[in-house]
Amino acid sequence: MGRPLVKQAVAAAQQRAREGTLRPDAVPDAVLAALPAAATTLRPVLNATGVLVHTNLGRAPLGPAARDALAVAAGNCDVELDLGTGTRGRRGAGVVDALLAAVPGAGAAHVVNNGAAALALTAATLAAGREILISRGELVEIGDGFRIPDLVESTGARLREVGTTNRTHIADYERAIGPDTAFVLKVHPSNFTVTGFTSSVGAAELAGLGVPVVADIGSGLLAPHPLLPAEPDAAGLLGAGAALVTASGDKLLGGPQAGLILGDAELVERIRRFPLARAMRVDKLTLAALEATLRGPAPPVRAALDVPVAELRARAEALTAALEGVDVRVVDSAATVGGGGGPGVTLPSVALSLPERYAPALRAGSPAVLGRLEAGRCLLDLRALAPTDDQALAGCVRAVEAGR
Ligand SMILES: *Cc1c(COP(=O)(O)O)cnc(C)c1O
């Protein structure tokens, strides 16, 4: 704990002793009790919302492999050193190799700060002063007021919109292509669906136009997932002929915040060498956690996506049994992927249903618990919660019950 925090706690306890509200011999204990457990104001939260990738909770929780890797990288490590020769090594080589092993169709890979940076760097390198074609159905606002079109134009590229909101055809792209066209951009509408009289053009058909196709897939699925058949994946798009794919590291990929650029080796190298790339460089912590996410066992987001509903029900029954005396019942629930993935998809889930008054009390607990309010009840959905956190969840509920 830093000196200012300790001094503040001592001064407060001494003041209470002077005022007579604290016995002088109780001052040391009061000081210890007042000190925060960690030097960060961030507090751990159990995600019982049923939203697998919750943006307000920091998106993907890291798995044990990534957490161990963070501990290694926290000190000095060979992030940019070849220990064999003692000379400078290629920064982030391990994570690039892991990405290429996961997506064999990619000729090269580059990692930046986040998905937005991946797209912005790609546009700045390949299209500044030139044109990018994009369907009007793919002009996406990604959240917190940020819009893909504004992001792309801020790099000095011009967007040329083609088609309409609901329907865009290959002929729309063909008509718009000219000498100034740098690439065609496909943006995955990752947070909404358009239904009804709709059509869009896939990467395979766009690849036949003779200009590079860049696909911003958002979620970071590297290969298809059976539960999310409509979710685009990096391998599929590169296989269909996209020159480059950009994605986030902390959505369905389940890793740390990062942006991935995968695809044509020559284009990736130009992007990697572009001056702005240095301003979007990731730190050693990100490199370590991302590599471990790719090489280690399925990260928590993937485990949560794949867990059978029968397993969730068994956990819920065990939890209710452990919460004797609490007004709790097991209910069916519907979970969602959340932040940038699987729009419109619901995943069958199971929740503990508690009286609504539990919600604020659980948020104030330690760890805090975030559930979901539905029909006057506080639901604690188990799908996004790691099974290893069940005991902690039960403890939080019991603490609320004991405290009233
Ligand atoms: C989430 C998302 C982004 C932005 O990625 P960040 O990692 O949040 O910067 C860009 N495009 C799409 C399609 C997304 O879903």
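Author: A salt bridge here is a side-chain nitrogen of Lys or Arg within 4 Å of a carboxyl oxygen of Asp or Glu. The model is predicted, so local features need pLDDT of at least 70 and side-chain atom pairs count only at pLDDT 80 or more, while totals for chains, interfaces and linings use all residues. Residues are numbered from 1 along each chain as its sequence is written, and side-chain values use heavy atoms, leaving out hydrogens and water.

By this rule there are 19 salt bridges. One of them joins the side chains of E80 and R281, at 3.8 Å from N to O. E80 sits in the loop between α3 (64–74) and β3 (81–82), and R281 in the loop between α10 (265–273) and α11 (284–295), so this pair ties together parts 201 residues apart in sequence. Helices (H or I, at least four residues) and strands (E, at least two) are DSSP runs, numbered from the N terminus.

How open are these two? E80 is partly exposed, at 21% relative accessible area, and R281 is partly exposed too, at 35%. Buried means under 20% relative accessible area, exposed over 50%, and partly exposed in between (1.4 Å probe, protein chains only).

Next, E161 pairs with R136, their closest N and O atoms being 3.0 Å apart. E161 belongs to strand β9 (residues 158–162) and R136 to the loop between β6 (131–135) and β7 (141–143), so the pair links parts 25 residues apart in sequence. E161 is partly exposed at 40%, and R136 is partly exposed at 37%. Back at E80, salt bridges with shared partners join E80, R88, R91 and R281 into one network.
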